[in-house]
Amino acid sequence: MAMAPTVLLIEDSADTAHLISGTLRAGSGRFEVPTASSGRAGLEYLAEHPVDCVLLDYRLPDLDGLECLRRVRRDHPDVPVVMITGAGSEELAVEAMKLGATDYMVKHGKYLLTVPIVVRGALGRRELERTAAHYRSELRRSRREVGRLRRELRERYRLDGIVGESAAIEHALFLAERAAQTRASVLLEGETGTGKELFARAIHYHGPRARAPFLAQNCAALPETLLETALFGHVRGAFTGADRAHRGLFAEADGGTLFLDEIGEATPSIQAKLLRVLEDGEVRPVGSDTSRTVDVRIIAATNRDLDEAVRTGAFRQDLLYRLRVFPIRIPSLRERRNDIRLLAVHLLERMTTAERKPLRGFHPRTLRALERYPWPGNVRQLANEIHRLVVCAEPGEWIMPDLLPSWIVEDATPPLDVARPLKEIVREVELATILARLREHGYRRSATARSLSARVRPATQARPGRRRVASIRCGAFHRPRTDRTARATGPRSEEGQPPGPEARSRRPKGLRRIHLIVIIVDHFHECEHSIPKVRRHVANDQVPTRSIKEYRFHTILGVGETLGRRPRRAHPLVVDIRQVIDERA
């Protein structure tokens, strides 16, 4: 049960105090009415007891009523004060109101009947003031929070905050920066998971509509009727169950930006209504006879070929023209393979912070495996995989390759990349193919050569305990090596005679020689799997470097300078000693 409000009555006349207190106790308010016969006694009671309201008489024996009012307002500003004055002293009442009195009463006629009403009014105004002060405080706090969130959103969706250094992503960012300063419609085209919504938000928060709302709707997530209601709204009673009106996303995003994802999945009727909005800026809710004007910028996104959809009749050509005022193509992760390492490190920092799990980072072999994988799901797939790696990794340790799933490790052949030279692409494909065959046949050179339709060059003879070097020469990709006699007299056939014009014409032109150097260390475990120890062993054994194979072997190990020979540039397809040893270990 709520406690009765306490009203302190400061009145020097005992009879008047008895009448007023009796009226307050007898009314419906059921007030608690302590009394004080002087100003000082009233101030002492206020200092010791909580009071909800004060009834203050103007004429007191020790203090002037206005002076007592000043002290009450100074020491207890939240307590409402009602002044009681005699007839003909209205000027004093006005002065009291200026000093902060909530209300005043005149001792005249049936004033006792108005005392409870005046007191309840003063208490009500006090509650209103407290509520208003609370809401003002909440409003200031909300404004600060909104400002902070806007700064965070602007910082989070900064155009220069999108990770990437490749030419393809730099071009997309350049176009996005230009599009942010315009009112034109933007069409973002790219595969699923490339970050189209991230670009859309960055365009919005870097443009003049940054303080207006940004709303997003996936056109493939709802059926046609629900999508129409979600976009354009409906009036009450437009259909069964429409018990109240709904504004729609276009009306809610008025002055801001509406992002329509998967626009290629919209039905023809939705496309027709979207075309009217883009042309006239008018939206008609479902079931309404009138249209409303909206100012909304549309950013659409699709992973379909809209030109092909136009040819098949699945998409309106005039709508495509309206949407493709400023087209931006978001490159896939296959087209920006140089950004995979940067993205992986960035996502790792974000995931470790979210999971509160510190890690040392990616092992170099893990990063190489991530860079080789084609990532058909693009950045979204990469982010999900890194999240899984963070969850599976031990705190404070490296993310090792054994945590990677088999479909990443096995699918190491990178797809063709139009941004790289053809020679480099062919070289990587050849290297990946030969490595896969070597692993498949247990690093047996003969079996690997037979599977590749290649022939094996004999290993250099070495004493027991020496390292042996062997290479696979693929007959389909190399030009036969010629000795000095052959270079002087020309190539010869198996019978020792120079080939005829017909044989020479059948020889492929422009074919190149490739070598895959496979390092076989007989006593690798004696070196405790240490690359520096392997290098010292090779240097101490003074392996001859006359043959090209061995010379390349020394170049890989970094002992060319130790042996007093100038290191030659290793062949592009030479396998790194670390990679081979790690795989064999």
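A crossing of two helices is called right-handed if the near helix is turned clockwise from the far one by less than a right angle. The legends below describe close-up views of a predicted model.

**View 1. Helix α8 crosses helix α10 in the right-handed sense.** Two packed helices are described by the angle between their axes and the distance between the axes. For α8 and α10 the angle is about 15 degrees, and the axes are 10 Å apart. Angles under 35 degrees count as roughly parallel, and α8 and α10 are therefore roughly parallel to each other. On the α8 side of the contact are Glu 224, Leu 227, Glu 228, Leu 231 and Phe 232; they meet Ser 269, Ile 270, Lys 273, Leu 274 and Val 277 of α10.

**View 2. Helix α8 and its surroundings.** Helix α8 spans residues 224-232, and its buried residues are Leu 227, Glu 228, Thr 229, Ala 230, Leu 231 and Phe 232. These buried residues pack against β7 (214-218), α9 (249-252), β8 (257-261), α10 (268-280) and β9 (282-283). After α8 comes Gly 233, which has a positive phi near 80 degrees.

**View 3. The largest nonpolar core has 29 residues.** In soluble globular proteins, nonpolar side chains tend to be buried together. Leu 231, Phe 250, Ile 263, Leu 274 and Phe 315 have the most contacts inside this core. Two or more residues come from each of α8, α9, β8, α10, β11 (297-302), α11 (306-312) and α12 (317-323). Helix α10 gives the most, with five residues. Leaving aside residues up to four places away in sequence, Phe 315 touches Ile 263, Gly 264, Gln 271, Leu 306, Ala 309, Val 310, Leu 320 and Leu 323. Another core, of 25 residues, lies apart from this one and includes Leu 348, Tyr 373, Ile 399 and Leu 404.

**View 4. Five strands form an open parallel sheet.** The strand order is β2-β1-β3-β4-β5. At the edges stand β2 (35-36) and β5 (103-107); each has a single partner strand, so one side of each is left without a neighbour in the sheet. Strand β4 (residues 81-86) pairs with β5 over five bridges, and Gly 86 stands opposite Lys 107 in β5. Helix α1 (residues 14-26) packs on the sheet, where it touches β1 (7-10), β3 (53-57), β4 and β5, and its direction makes about 165 degrees with that of β1. Helix α3 (residues 65-75) lies across β3 and β4 and runs at about 180 degrees to β4.

**View 5. Strand β1 is covered on both faces.** In a regular strand the side chains alternate between the two faces of the sheet. In β1, Val 7 and Leu 9 are on one side, Leu 8 and Ile 10 are on the other, and all are buried. Four bridges join β1 to the parallel strand β3, where Cys 53 is the bridge partner of Val 7. Two bridges pair β1 with β2, again in the parallel sense, and the bridge partner of Leu 9 in β2 is Thr 35.

**View 6. Trp 375 and Asn 378.** Most residues other than glycine have a negative phi. Trp 375, however, has a positive phi near 55 degrees, and Asn 378 has a positive phi of about 60 degrees. Trp 375 is in the loop between α14 (364-372) and α15 (378-392), whereas Asn 378 lies in helix α15. Trp 375 counts as buried, at 0% relative accessibility. Asn 378 is also buried, with a relative accessible area of 0%.

Conventions: Residues numbered from 1 in each chain as written. Predicted model: local features only at pLDDT ≥ 70, side-chain atom pairs only at ≥ 80, totals over all residues. Heavy atoms only, no water. Buried < 20%, exposed > 50% of the residue type's maximum accessible area, 1.4 Å probe, protein only. Contact = heavy atoms within 4.5 Å. Core = buried A, V, L, I, M, F, W, Y, C linked by side-chain atoms within 4.5 Å. Pairing = 2+ DSSP bridges. Axes fitted to C-alpha atoms, helices over the stretch in contact; angles between N-to-C directions. Parallel < 35°, antiparallel > 145°, perpendicular 65-115°, else oblique.
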